[in-house]
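Dear colleague,

I am passing a structure on to you, and I would be grateful if you could look it over before reading my notes.

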Amino acid sequence: MTSAIENLRRDFGGDVVEPGAAEYEAVSRAKLVAGSPAFVLRPKTVGDVQAAVRFAVGSGLTLSVRGGGHSFPGFGTNDGGIVIDLSGLADVEVVDEGRRLVRVGGGATWGQVAEALTPHGLAISSGDTKSVGVGGLTLNGGIGWKVRKHGLTLDHLVAAQLVTADGAVVPASAEENPELFWAIRGGGGNLGVVTSFEFVAHPTTEVFFGKITFPAAETAAVLQGWAEHLRTAPEELTSIANLANPFAGGPEAPLEIHVAFDGDDPELAARALDPIRRLGTVLEDDVALHAYADILVDGAELPPGLELLGHSGFVERESVSDTLRILAEVGTSAGSPSIAIRTVGGAVSRVPADATAYAHRGAELLVATVAGGPKPVIEAARPGIAAIWARLAPHVNGAYSNFLGSTTADDVAAVYPAATYERLAVIKRQYDPSNVFARNHNVPPAAK
């Protein structure tokens, strides 16, 4: 290993951080999970990424690739292996103003993208947290405040550049390696290290954004009315319903309806939002006009000693009423995890299910539960949360990998329907036959 490290240092222009280094503690962990890798490699160029991948393959150690580092299972770190930290590849450049073509480095965060695009009057439909990485969000989907109007983040990806398991630099687009391009739009980190993304952005204005809250006692009725309204509301409106907010009283917390109206016309916004306000007794309403970049929230590292337990599932139209009835009951009962119900549909549903490796196009809602605390608290909560999802099982379909805290075979099967999984496995065999990139919701290469 000593000679391999010496060879790496000769070919690698970035930083090699090992245990004992002053910066090791800061770079060894992901945002939500601590780790103790043997090496953290911080490339500055695509050539550095190539050298890092070759070193990882030659070492036989576990390889993690980190963009923003927000994955619930902690894919961005490991114990005893190698981490490629892409934060040095974070340039954001508008390469063609007329086509609104934006090139983004594989280690950029969405806060960096929003800040860079604001002076151009542009945005890319992304998640809702500034420190979330462009890579992890895009490769798995991308559900945020513009999703109903503009679709998933990955739906605006037109090209990418990857370093594959053999250290080669490979382009992916509709014209070049189209099967690989299909696979990276939903297939997660299974295919390689994405060193750059090219997106088509859209013109943006300020947006109406905020929170409308209702008493917990009105949760059941408001949720049903909210979902019904979103079926016919303008696609400019995207919304999230939060129940059992642990910082506002848990099961006694008010129902929070968070809204984002993608436009700056107050009349149009009022038409979209007033029906929500009429659903019950409004306790708080702070909806106001904001710059799009300002509505993205700051992310935070999970303090040492705490863990998160997350799970997710999609809901199609015929199951919405039953799902919301169960969630209203659960969310106002003792022991409830935090519950978020996100609207999807709209532009997402107009893309054919087999057009990308993200296959859950028919969903109207996305449900996610999160519980946090020290390990004993999390272990004690597991049976209750499992019971909640057992009740939901007849009504939910699939899962969103960015909101999954585990990586079981059932999880992978929920993320990737059978036909999607089989196609990914064949593509995986071509680009990563030894399954070097396994720290993800993993699809092993198909047998020859």
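This is a predicted model: local features need pLDDT of at least 70, side-chain atom pairs count only at pLDDT 80 or more; totals for chains, interfaces and linings use all residues.

Residues are numbered from 1 along each chain as its sequence is written, and side-chain values use heavy atoms, with hydrogens and water left out.

Helices (H or I, at least four residues) and strands (E, at least two) are DSSP runs, numbered from the N terminus. Helix H8 (residues 219-232) packs against H11 at an angle of about 150 degrees, with the axes 9 Å apart; axes are lines fitted to C-alpha atoms, for helices over the stretch in contact, and angles run from 0 to 180 degrees between N-to-C directions. H8 is therefore roughly antiparallel to H11, a term used for angles over 145 degrees. In this contact (heavy atoms within 4.5 Å), Thr219, Ala220, Leu223, Gln224, Ala227 and Arg231 of H8 meet Val320, Ser321, Leu324, Arg325 and Ala328 of H11.

Helix H11 (residues 320-331) also packs with H12, their axes coming within 10 Å and crossing at roughly 160 degrees, and these two helices are therefore roughly antiparallel to each other as well. On the H11 side the contact is made by Thr323, Ile326, Leu327, Glu329 and Val330, and on the H12 side by Ile388, Arg391 and Leu392.

The second largest pocket holds about 320 Å³ of space. On a 1 Å grid over the protein atoms alone, a pocket is an open set of points where a 1.4 Å probe fits, with protein on both sides within 12 Å along at least five of seven lines, and lining residues have an atom within 4 Å of a point; grid points are joined across faces, edges and corners, and the volume is the space filled by probe spheres set on the points. Its lining has 19 residues, of which Leu32, Val33, Phe72, Glu307 and Leu308 lie nearest the centre. Strand S17 (306-315) and helix H12 (375-392) are the elements that give two or more residues to this lining, and S17 gives the most, with four.

Finally, Gly398 lies in the loop between H12 and helix H13 (409-415). Leaving aside residues up to four places away in sequence, Gly398 touches Ser312, Gly313, Phe314, His360 and Ala414.

With best wishes

Methods:
Angles under 35 degrees count as roughly parallel, over 145 as roughly antiparallel, 65 to 115 as roughly perpendicular and the rest as oblique.
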